Amino acid sequence: MKKIGILFGQEDSFPQAFVDRVNQKTEKGISAEFVRLDKIMQAEPLDYAVIIDRISQDVPYYRAALKNAAICGTAVINNPFWWSADEKFFNNALAVKIGVPVPKTVILPSKELPDDTTNKSFRNLAYPLDWNGIFNYVGFPAYMKPFDGGGWKEVYKIENEKDFFSKYDKTKQHVMMLQEEVVFDDYFRCYCIGSKHVRIMQYEPRNPHHLRYEHGKAPASKKLLDTVKDYVIKLNQYLGYDFNTVEFAVRDGIPYAIDFCNPAPDAEVTSVGQENFDWVVETAADYAIERAKGQKDGLDNLTWGEFVKTSAAKTLLVAAVKKAPVKADVSVAAVDHAIEAEGKEKKAKAVKAPVVKAAAVKEPVVKGPAVAKEPVVKATAVKEKVAPKPKKAAKK
């Protein structure tokens with residue numbers, strides 16, 4: 001008998017419905033149940049052919065147990081090794097490389113020093129950062145959010161440069177992304193199971209949580225839906241996720257992938273609605289049975305995305321014409337500060353120094369509404385006194 005298990009946390013409706021549906025299908029030699037862990041010993045298998053993981057992102061003990069199960073042959077949905085390595089900024093970079101539109105995004109160092117680091121740990125970080133370059137690239141309004149977070153935690157809307165530094169000061173040790181705002185005409189949230197089964201749901205993220213699927217919009221065109229479906233499958237095939245959601249904001253007819261690192265997406269009937277819930281339960285049950293039938297003891301039964309496969313095979317990520325690299329002039333300043341000092345005015349006597357003009361960079365024209373940009377300020381080199389070392393951030 002091959003067992004399919006589901007590992008879950010606070011959700012209620014999906015786990016029980018999933019187990020019931022698998023067992024109702026009465027596939028010979030296959031059953032489903034809630035995972036039970038009473039001891040985990042190294043290199044010893046769990047009694048499951050397949051485990052659907054809905055909670056290990058919040059419980060490190062579970063993540064370690066699933067990796068141990070995977071090395072012994074369990075097909076874990078989603079791959080716990082890739083899930084541990086993945087984050088949103090990398091996802092955006094991958095999307096750009098495979099031709100899926102995403103908002104312009106930059107990554108920012110944490111405002112406070114990480115635990116067990118000092119100013120000397122950041123000797124490769126330029127100071128000040130090229131804030132003009134960053135703001136001119138992203139534009140305002142913008143959004144700032146953790147590079148690996150979820151659930152709308154620590155998300156800020158940024159109106160201008162002053163607003164940015166005020167809110168950046170509050171981000172503590174979080175590594176943040178600054179991302180252009182996409183003012184959208186339509187929005188989609190899409191389930192993807194097995195990198196082949198897609199459920200496209202029109203969605204309104206500005207509504208209260210329980211009303212986000214009650215969007216009141218006209219149905220989208222077939223052409224747009226086909227494009228969204230192609231992008232969803234492409235992203236999940238390259239990332240290697242078996243169970244994920246992808247969100248798109250549509251601006252001027254172009255769907256921009258906003259969020260596509262949700263390997264334990266919300267599937268509660270009270271939030272997604274009965275029809276969407278029924279689709280997820282049925283599709284997840286069929287896919288788990290498919291994986292159980294294909295599972296072989298002692299082998300690697302995990303899904304590895306095209307990014308990993310092409311890297312291992314030393315082949316091109318996509319068959320495309322290579323673009324000439326853009327030359328960049330990067331300077332590394334002496335470290336006499338902590339990251340906390342970014343954006344704060346220093347009191348120092350200026351001395352005469354040559355004005356250094358930043359080289360103009362011609363960017364490609366992007367269709368869409370114009371984004372307000374801050375004026376470029378020419379930097380003047382000044383000699384400043386060494387600032388006292390800031391206090392280190394308190395350990396959590």
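Predicted model: local features only at pLDDT ≥ 70, side-chain atom pairs only at ≥ 80, totals over all residues.
Colleague: Give me the overview. How many helices and strands does the chain have?

Modeller: There are 10 helices and 14 strands. Of the 396 residues, 45% count as buried. Among contacts between residues at least 6 apart in sequence, 72% join residues at least 24 apart.

Colleague: What makes S2 and S4 the edges of their sheet?

Modeller: Start with the order, S2-S1-S3-S4, in an open sheet of four strands with parallel pairing. Strand S2 (30–34) and strand S4 (75–77) each have a single partner strand, so one side of each is left without a neighbour in the sheet. Neighbouring strands here are turned by 20° against each other on average, direction ignored.

Colleague: How do you know that S1 and S3 are paired?

Modeller: Two strands pair if there are at least two bridges between them. Strand S1 (residues 2–7) and strand S3 (residues 50–53) have four bridges, in the parallel sense, and that count meets the cut-off. One example is Gly5, whose bridge partner in S3 is Ile51.

Colleague: Which helices lie on that sheet?

Modeller: Helix H2 (residues 60–71) lies across S1, S3 and S4, and runs at about 155° to S3. Helix H9 (residues 274–294) also packs on the sheet, where it touches S1, S2, S3 and S4. The direction of H9 makes about 135° with that of S1.

Colleague: Now strand S9. Why is it described as largely enclosed?

Modeller: Because eight of the eight residues of S9 (residues 186–193) are buried. Both faces are covered: Asp186, Phe188, Cys190 and Cys192 are buried on one side, and Tyr187, Arg189, Tyr191 and Ile193 on the other. In a regular strand the side chains alternate between the two faces of the sheet.

Colleague: Which strands does S9 pair with?

Modeller: S9 pairs with strand S11 (residues 243–251) in the antiparallel sense over eight bridges, and Ile193 has Phe243 as its bridge partner in S11. S9 also pairs with strand S10 (residues 197–202), again antiparallel, over six bridges. There, Cys192 stands opposite Val198. S9 and S10 form a hairpin with three residues between them, and Gly194 in the turn has a positive phi of about 70°.

Colleague: Last one: how do H4 and H7 pack, and which residues make the contact?

Modeller: Two packed helices are described by the angle between their axes and the distance between the axes. For helix H4 (residues 88–98) and helix H7 (residues 222–239), the angle is about 115° and the axes are 11 Å apart. H4 passes H7 in a right-handed crossing. On the H4 side the contact is made by Phe90, Asn91, Leu94, Ala95 and Ile98; on the H7 side, by Lys234, Leu235, Tyr238 and Leu239.

Note on methods:
Residues numbered from 1 in each chain as written. Heavy atoms only, no water. Helix = DSSP H or I, 4+ residues; strand = E, 2+ residues; numbered from the N terminus. Axes fitted to C-alpha atoms, helices over the stretch in contact; angles between N-to-C directions. Contact = heavy atoms within 4.5 Å. Buried < 20%, exposed > 50% of the residue type's maximum accessible area, 1.4 Å probe, protein only. Left-handed = near helix turned anticlockwise from the far one by under 90°.
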